[in-house]
Amino acid sequence: MGSILSEDRSEIVFFDVETTVPTRKGQGFAILEFGAILVCPKKLTELRNYCTLVRPTDLSLISPLSERCNGITAEAVSSAPTFAQIADTVYDLLHGRIWAGHNIRRFDCVRIRDAFAEINKTAPEPKGTIDSLVLLTQKFGRRAGNMKMATLATYFGLGCQTHRSLDDVRMNLEVLKYCATVLFLESSLPDIFTENWVSPNSNTMTRSRSNEKSPSDAGSFSMNKDPATETKEENHPALSLTMSDAEGAVPNIAHPNLVQRDAFDLAALGAEITRESIQTDVAMDEKVQESPNMSSSSLESHATSSSIVILEPDEISIPSIDASLVPFFRGSNRIELLHNGFPFQLRCTGLKVRFGISTKFVDQAGLPRLNFVVDPSSSLCKVLDACDNVAHKLSLDSGSISDWRPVVIRKDGFFNYPTVRLHIPTALFGDISIHATEIYKKESSGANRRLIFSKFDAAELGSLFVPGTFVDAIFTLDPYDYQQNAGIKLVAKKLFIH
């Protein structure tokens, strides 16, 4: 691979795959592009890069939905090599090195291993793995707004994410450099730098910074320029990159603004979320390509590499709704709702608040179970009723004897005036509690301003969701079965207040 590379394969390999998006149950992912850079762990300089489009065995897997995610068309890959033809190169790049990337544990690593299994070849194994999604969630928090690579890049003025492999891995490295620099400076003067630096709103100005174009055809190696000739912007100091072993556990949630006393000590992390707190999956969030700045009335449906799709009720095919049992906690299972065989979230616009924030009930940690009631559209009711039916049936088939509570509330005498309850989850970290829902205020200009809450305040939240207020919402449908009660909880991921 070249004399400048170490014999002990100590380089860090940042890699990323772009894939098709499955559109039916049982359909897997097909790799459409593989990109990687080898990075010196001491200087964080790029030593070598490789990128290639990949031709899947079945070009029909590249659906319009897939093209919208990464822009890779069937025509673009028609003359590209198959994965079998690049497998030896990919293996040589990855095997025995430190793997790094954003959400690679849950997605890219799985896709690589699946691809090798499909051609009956031994998959490469890392000597260690750095998942920047997990690392930055733990150390940098959500001060940029969320943990998506596009959001972090915008926060630091690094330009727009292209969702192409080589561009994305280079952006990933730059984001890590910037985050590490900020944490290094904060740790040097902890009494001066505030611990709660967050983006004041979602409309961060972006400096212009051009991204290098990814190769559009078959892959090729290239040697980089002498590191001494690189610009200062590409050589930000970083104290270290924290590395976890290949089998390490992946925490799912971290306090969005909390900076630990030692900014590089992972051992201090151990806060446990109570059962009623939202099980926020930042790994999935990263793959849902939603921008908080988009007008919620004009958002297009996107599927992503994680196969989560955000759909409006009118886009749901009722016969395509299904449910399955998936592994949950300590050997137990939970019900997961699917559309065309894959998880989905719902996006609804113009929901009218019927009853404001309720704090009547508390969870096991003593925190209010925040929720409010809205008037659903008839199309939303149809979707939720269908979800209720399939989830309830699976619950009964699984042996549950819990009382099922319909997600659409229809009270006697008011059957034609149904309501649904949206939950704003609360996460607890030691003595600190936070709202786990992203909340935005729609400005008269059409922009969406992120609301930042310095502390947990149910009364303050209640002042925003008064009866008669209209909100747009993106929410998950989370089946539950707890203490002889079962049903589907609608958990708000993002709320846009008119």
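This is a predicted model: local features need pLDDT of at least 70, side-chain atom pairs count only at pLDDT 80 or more; totals for chains, interfaces and linings use all residues.
Local features require pLDDT of at least 70 and side-chain atom pairs count only at pLDDT 80 or more, while totals for chains, interfaces and linings use all residues. Residues are numbered from 1 along each chain as its sequence is written, and side-chain values use heavy atoms, with hydrogens and water left out.

**Exercise 1. Determine how many salt bridges the whole structure holds, and locate the partners of the one between Arg-9 and Asp-92.**

Step 1. The criterion is a side-chain nitrogen of Lys or Arg within 4 Å of a carboxyl oxygen of Asp or Glu. A search of the whole structure gives 16 salt bridges.

Step 2. Arg-9 and Asp-92 form a salt bridge with an N to O distance of 3.8 Å. Arg-9 lies in the segment before strand E1 (12-19) and Asp-92 in helix H3 (residues 83-94), so the pair links distant parts of the chain, 83 residues apart. Helices (H or I, at least four residues) and strands (E, at least two) are DSSP runs, numbered from the N terminus.

**Exercise 2. Describe the burial of strand E1 and its strand partners.**

Step 1. In E1, 8 of the 8 residues are buried, so the strand is largely enclosed by the rest of the structure.

Step 2. In a regular strand the side chains alternate between the two faces of the sheet. On one side of E1 are Ile-12, Phe-14, Asp-16 and Glu-18, and on the other Val-13, Phe-15, Val-17 and Thr-19; all are buried, and both faces are covered.

Step 3. Two strands pair if DSSP finds at least two bridges between them. E1 runs parallel to strand E4 (residues 98-101) over 3 bridges, with Ala-100 as the bridge partner of Phe-14.

Step 4. With strand E2 (residues 31-39), E1 pairs in the antiparallel sense over 8 bridges. Here the bridge partner of Glu-18 is Glu-33.

Notes: Buried means under 20% relative accessible area, exposed over 50%, partly exposed in between (1.4 Å probe, protein chains only).
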